Amino acid sequence: MLVLNETHSSTYLHTSQSGHAIDLPVGKVVCVGRNYMDHIQEMSNEVSDVPLLFMKPSTAIVDMQKTLDIPCDQGECHNELEIALLIGRRLSKSTEDEASQAISGIGLGLDLTLRDEQSRLKASGQPWERAKSFDGSCPLSPFLVVDSLKHKTCFTFQLMINGQLVQNGDTNLMLTPMLKLVCEISKCFTLLPGDVVLTGTPKGVGPLHAGDSIEAILTDHFSISTQVSCSESGNK
Ligand code: ZN
């Protein structure tokens with residue numbers, strides 16, 4: 001029997017910075033890998049000639065303000081704090097102007113990554129979903145509601161773990177800037193209202209542990225404090 005309130009695995013809704021629900025569905029998350037040189041260097045990865053794209057399903061999304069429940073039986077689970085763009089209009093093969101008009105929110109997302117699993121997948125040439133798309137792998141903050149991205153494309157953001165600064169990001173240092181990235185994505189996959197784009201992580205990724213306290217900061221806008229807990233996925 002279909003139980004209506006269990007059709008989505010979480011009760012997540014996109015919300016504004018002021019705590020109101022945003023009237024958009026919860027869609028897919030399109031992510032970019034290797035968009036900051038300092039992170040490419042820390043991982044000894046190669047620079048991609050075109051943005052390296054992957055996706056997380058809507059079931060990966062959870063509220064960053066709630067305790068982050070990570071798997072504890074699948075090796076290291078790493079933090080990757082990224083700027084998240086909330087898409088408000090359908091975009092397909094868009095121009096930068098259309099992309100700008102379609103962005104209706106700016107927030108932060110964590111691209112939680114099972115790093116040991118990802119290394120195994122990379123080594124055998126397999127796609128990354130097992131490492132990056134599990135339930136809860138995409139905690140999102142509330143969004144600053146905007147009309148477009150036209151006048152403000154520079155943001156800095158920080159991740160503190162147990163009071164220590166571990167990531168310090170600046171969108172000016174992206175290899176593919178945000179609007180160009182959204183256009184590029186829209187050439188590959190149609191973006192729908194309620195989809196989210198994660199724009200890549202700067203250096204400072206590392207393992208999270210149960211009990212860690214996390215602070216994610218979008219400079220001059222907001223700060224989210226949360227905790228990490230850990231449970232068996234049964235998926236060793
Ligand atoms: Zn990432």
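Predicted model: local features only at pLDDT ≥ 70, side-chain atom pairs only at ≥ 80, totals over all residues.

Modeller: Lysine 132 and glutamate 80 pair up through their side chains in a salt bridge, 3.5 Å from N to O. The two sit in distant parts of the chain, 52 residues apart: lysine 132 belongs to helix 4 (residues 129-132), while glutamate 80 is in the loop between strand 5 (77-78) and strand 6 (81-87). Both residues are buried.

Lysine 132 also has a salt bridge to the side chain of aspartate 111, this one at 2.8 Å, N to O. Aspartate 111 lies in the loop between strand 7 (103-110) and strand 8 (113-114) and lysine 132 in helix 4, so this pair ties together parts that are 21 residues apart in sequence.

For a pair in another setting, go to helix 5 (residues 178-188), where lysine 187 and glutamate 184 are three residues apart, about one turn of the helix. Their side chains form a salt bridge at 3.5 Å, N to O. Lysine 187 counts as exposed, with 54% relative accessibility. Back to lysine 132: salt bridges with shared partners put Lys56, Glu80, Asp111, Arg115 and Lys132 into one network. The whole structure has seven salt bridges.

Helix 3 (115-123) gives the most to the lining, three residues, and strand 1 supplies at least two.

Arginine 34 is buried but has no salt bridge, and glutamate 46, the nearest side chain of opposite charge, is 6.3 Å away. The backbone oxygen of glutamate 46, though, lies 3.4 Å from a polar atom of the arginine 34 side chain. The arginine 34 side chain also makes a polar contact with the side chain of asparagine 45, at 3.4 Å.

Asparagine 45 is in the loop between helix 1 (37-42) and strand 2 (52-56). Its side chain makes a polar contact with the side chain of lysine 122 too, again given as 3.4 Å. Lysine 122 is also among the residues in contact with arginine 34, as are Trp128 and Leu175.

Key:
Residues numbered from 1 in each chain as written. Heavy atoms only, no water. Helix = DSSP H or I, 4+ residues; strand = E, 2+ residues; numbered from the N terminus. Polar contact = N/O pair within 3.5 Å; in protein donor to acceptor, adjacent residues only side chain to side chain. Buried < 20%, exposed > 50% of the residue type's maximum accessible area, 1.4 Å probe, protein only. Lys, Arg positive; Asp, Glu negative; His and termini not counted. Salt bridge = Lys/Arg side-chain N within 4 Å of Asp/Glu carboxyl O. Contact = heavy atoms within 4.5 Å. Lists of a residue's contacts leave out its neighbours within four places in sequence.
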